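Hi,

Here is the structure I promised to pass on.

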Amino acid sequence: MKLDTIVKNTGLEASRRFAAPSLWASKRWQGRLSLTLTYALLLFFGALVTLPFLWMLSTSLKQMDDIFLFPPKWIPDPIVWSNYPRALSKVPFLLFFKNTFIITFFAIIGTLVSASLVAYSFARLRWPGRDVCFFIVLTTLMLPHQVTLIPQFIIFRELNWIDTLLPLIVPWFFGGGAFNIFLLRQFFITIPEELDDAARIDGCSYLGIYARIIIPMSRPVLAAVAIFAFQNHWNEFLLPLIYIHSRSRYTLALGLRLFQEQYWVDWSGLMAASTVVMLPVLLVFYFAQRYFIQGIVFTGVKG
Amino acid sequence: MAVRASIASRLNLPAGRLARREALVGVLLVMPWFVGFLVFLLGPMLVSVYLSFTDWDLLTPAKFVGLKNYRKMIFEDPLIKQALKVTTIYAFSAVPLRVVGGLLLAVLLNQNIKLKSFIRTVFYLPSVVSGVAVAMLWLWIFNSDFGLLNLILNLFGISGPAWLSDTRYVLAAFVIMSLWGVGGSMVIYLAGLQGVPTDLYEAAEVDGANSLTRFWYITLPMISPVIFFNLVMSIIAALQIFNQAYIMTQGGPQNASMFMMLYLYFNAFEYFKMGYASALAWLIFFYILALTLLVFRSSSHWVFYTGSVRGK
């Protein structure tokens with residue numbers, strides 16, 4: 001007996017014809033429901049994540065008394081822009097900004113130059129002991145820094161570098177951090193080696209290959225390294241806390257704490273200052289988001 | 001090799017000399033790292049071992065005291081037990097929440113939705129701005145009378161606790177704060193999710209698997225390496241929590257947030273007990289190492305690498 005006739009005889013066909021569209025409809029309905037639920041959840045969590053930022057901004061623009069209102073006013077009335085100049089003149093903010101900028105700028109230069117040269121050597125040049133050394137780099141990647149914190153402090157004390165910006169800059173010229181070496185090396189080995197060979201045949205030196213082939217081809221990953229370094233140095237707190245004591249050499253991170261040392265906390269001033277400190281990082285993130293995400297993806301998934 | 005020989009002949013050099021020149025350049029380029037490794041890492045680690053067997057206040061010469069610091073650490077100092085306890089409680093609450101929360105957000109975001117990259121940015125923003133400014137912001141949010149958190153709780157008729165000055169709530173406050181940065185792990189998960197081949201899902205759908213089973217039997221195993229990566233990174237970060245605690249509570253109230261790194265900092269740079277602090281550093285180091293190794297050991301049971309299956 002043919003299948004069709006069985007189906008007809010048992011009336012299965014009718015039920016199937018009936019069931020099919022409803023199943024299809026319920027599927028679509030299900031999809032819509034889950035999509036709505038997704039949006040609702042994302043909206044809820046998104047609001048939770050955004051609220052602290054809005055709260056900071058709102059507080060930074062409030063007049064003193066409005067800070068202590070219940071229920072809180074989210075939109076300040078009047079908007080007190082003068083909180084910003086007031087907060088920034090309360091402590092020598094411009095000086096702190098300059099110090100932080102100097103540290104961040106030179107530390108990034110050190111990291112980029114140093115890590116890329118080392119990574120180039122690991123990725124492209126053949127020398128005895130290379131693989132052992134790279135293995136050491138990978139091992140140091142896992143080492144938490146607390147063990148070396150005190151001896152490093154002693155080294156810089158012997159060098160009379162305490163209370164200068166040098167301990168926060170100079171180490172980055174010595175390799176630029178194991179993580180960055182690793183990241184750059186992983187990227188460099190994906191650049192076709194034929195390019196090097198062609199350049200060699202044309203008489204290009206090793207440093208020439210580094211400068212004319214490897215570096216120009218690695219702009220995205222170098223950008224990612226620079227941005228991460230910027231973020232780290234700008235936000236760094238523990239090391240300046242240990243090494244810098246004079247107020248004239250404070251970084252922004254240390255300077256913000258001066259607001260805490262008063263009898264009462266000037267919340268609107270503190271929030272204004274915090275906003276200004278966060279702003280450069282947020283701006284860099286906004287304009288370089290692509291490199292940020294790429295860098296994270298590269299380290300998290302391929303690393 | 002053929003290329004190398006041709007380069008050598010082109011440059012009028014014997015191949016051996018070319019290789020030697022390459023090795024010379026290679027070693028020279030690595031030198032800065034090597035010097036840094038010796039001066040800033042290996043040397044300091046050895047010095048740290050030595051220091052942990054001494055009493056040293058930076059002013060008078062270091063005095064060798066044998067195992068005294070370690071004995072004190074294990075048998076006499078109640079604060080170190082407190083530090084281990086609160087750090088462990090913090091890590092064991094913050095890490096799972098971060099790992100699961102990040103995954104949940106990533107799964108939500110990985111659907112066919114609009115404004116995906118904008119939403120991703122919103123969630124990622126908090127992890128961009130770590131540091132003192134963030135700690136200051138949260139100090140204000142946790143303010144018991146006028147902080148955002150208690151104002152919101154007030155709307156629901158709950159009178160919130162004094163988060164940062166109540167021994168029962170201070171750790172919860174730090175956990176909440178760390179959850180704010182969950183977008184950092186979310187971004188990594190998202191990348192992992194996008195690497196899961198769609199034909200697996202299609203095949204499962206044909207076989208009648210619903211979305212929950214698809215998640216359980218396909219998504220989870222496929223991104224388990226990413227979960228593993230996030231887990232290890234979160235553990236290491238959580239056990240080293242310092243900035244927030246130093247700025248917001250200084251270890252208080254009654255040492256309820258005296259995290260290990262904070263205790264190390266106080267011993268080294270406020271009490272100038274360099275020897276004892278070095279011993280503490282090694283304790284922290286081995287504690288982190290032990291937990292990380294435990295996760296690594298467990299990984300063979302739950303982390304699934306596609307490469308190994310293709311081989312079978």
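Let me start with a helix pair across the two chains: helix α5 (residues 130-142) of chain A packs against helix α2 (residues 15-51) of chain B at an angle of about 40°, and their axes are 12 Å apart. Helices here are DSSP runs of H or I with at least four residues, strands are E runs of at least two, and both are numbered from the N terminus. The axes are lines fitted to C-alpha atoms, for helices over the stretch in contact, with angles running from 0 to 180 degrees between N-to-C directions. That makes α5(A) and α2(B) oblique to each other (under 35 degrees would be roughly parallel, over 145 roughly antiparallel, 65 to 115 roughly perpendicular, and the rest is oblique).

Which residues make the contact? On α5(A) they are Arg130(A), Cys133(A), Ile136(A) and Thr140(A), and on α2(B) they are Gly26(B), Val30(B), Phe37(B) and Leu41(B). Contact means C-beta atoms, placed from the backbone, within 7 Å. By class, these residues are five nonpolar, two polar and one charged; Ala, Val, Leu, Ile, Met, Phe, Trp, Tyr, Cys and Pro count as nonpolar, Asp, Glu, Lys and Arg as charged, and the others, Gly among them, as polar.

A word on the model before the wider view. It is a predicted one, where local features need pLDDT of at least 70 and side-chain atom pairs count only at pLDDT 80 or more, while totals for chains, interfaces and linings use all residues. Residues are numbered from 1 along each chain as its sequence is written, and chains are lettered from A and ligands numbered from 1 in the order in which they are written.

Now the whole interface: 72 residues of chain A are in contact with 72 residues of chain B. On the chain A side, helix α2 (residues 12-60) gives the largest share, 14 residues. That side has 50 nonpolar, 17 polar and five charged residues.

As for the chains themselves, chain A has 15 helices and zero strands, and chain B has 15 helices and two strands. With a radius of gyration of 26 Å, well over the 20 Å of the globule rule for 312 residues, chain B is more spread out than a compact globule (C-alpha atoms only; the rule is 2.2 Å times the number of residues to the power 0.38). Its C-alpha atoms fill a box of roughly 75 × 70 × 35 Å along the principal axes.

Cheers

Definitions and conventions:
Contact = placed C-beta atoms within 7 Å.
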